[in-house]
Amino acid sequence: MASITTAVATGSGSGSLTGQPLTSAQLTVHSQEVLFEATPLLRFDQVAVRKEELGVVQGRTIQFLRYNALTGSATLTENVDMTVTNLSASEIQITVAEFGFAVAVSELLLRSSFDDVMSRAARQLGRHYATTQDGQFRDVLLGSSNVLYAGNKTRTTLTAADTFDTRLIKDAVELLSTNKTPRIGDAYVCYIHPHQGRTLRDDPAWINAKNYAAPEEILRGEVGRFENVRFI
């Protein structure tokens, strides 16, 4: 958790600082300000699945279950009992890490500055918090083995002509639909670089987010959709 620490000046000439933590009430207020500043910048966490029913194992590892999809016929026969199928699941383990970042400002600065230092500190910490947290989600996503490259090539055989275009999006949607990948809401979600988004906007089938029938359902950072894919 990002936090703010105040410090008071001691000594006459050295200007050295001794840390003096905020009170619990002040810390709660400023921590909420940091989260408030971070929220508009977060992109990946809004489509992540949150798990709370976690089991703890020895060390810094926690585990949760991923239930497998049910298969088999659902047809019923008159006067015949239904066949009961057991649930099956696989165990997923993740390692816990702790993150934190803090800034220190002196009481002299707080009292003498023409600017609202604490608000500026909260904004900067919020940006750092958002960048760090979104980076964790992004790295997990990029670590997936399900990868599709332009032209059905491999990473080593890509050339400058193999660009992120509408054909690649259609191929990705086809693959996801074939694998019966669940959608997030009514569509898939794709994270793109602004340069990639610039090219997609030239396609006549592109729908800008501001033209949605239900604009209140726009995800943070969403710029438009194409082929049932929402782009952030």
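Modeller: Let us begin with residue classes: Ala, Val, Leu, Ile, Met, Phe, Trp, Tyr, Cys and Pro count as nonpolar, Asp, Glu, Lys and Arg as charged, and the others, Gly among them, as polar. Please note that this is a predicted model.

Biologist: How do the residues lining the second largest pocket divide into these classes?

Modeller: Its lining comprises 6 nonpolar, 7 polar and 1 charged residues.

Biologist: How many aromatic pairs are found in the whole structure?

Modeller: The search finds 2 aromatic pairs. The ring centres of F44 and Y191 are 4.0 Å apart and the planes lie at 15°, so this pair is stacked. It joins distant parts of the chain, 147 residues apart: F44 is in the loop between α1 and β3, and Y191 in the loop between β7 and α5. F44 is buried, at 15% relative accessible area, whereas Y191 is partly exposed, at 22%.

The rings of W206 and F231 have centres 5.5 Å apart and planes at 40°, so this pair is tilted. W206 lies in the loop between α5 and β8, and F231 in strand β10, 25 residues apart. Both W206 and F231 are buried.

Biologist: Is R225 buried or exposed?

Modeller: R225, in strand β9, is buried because its relative accessible area is 16%, under the 20% cut-off. Its contacts beyond four places in sequence include W206 and F231.

Definitions and conventions:
Residues numbered from 1 in each chain as written. Predicted model: local features only at pLDDT ≥ 70, side-chain atom pairs only at ≥ 80, totals over all residues. Heavy atoms only, no water. Helix = DSSP H or I, 4+ residues; strand = E, 2+ residues; numbered from the N terminus. Buried < 20%, exposed > 50% of the residue type's maximum accessible area, 1.4 Å probe, protein only. Contact = heavy atoms within 4.5 Å. Phe/Tyr/Trp six-rings, centres within 6.5 Å; stacked < 30°, edge-to-face > 60°.
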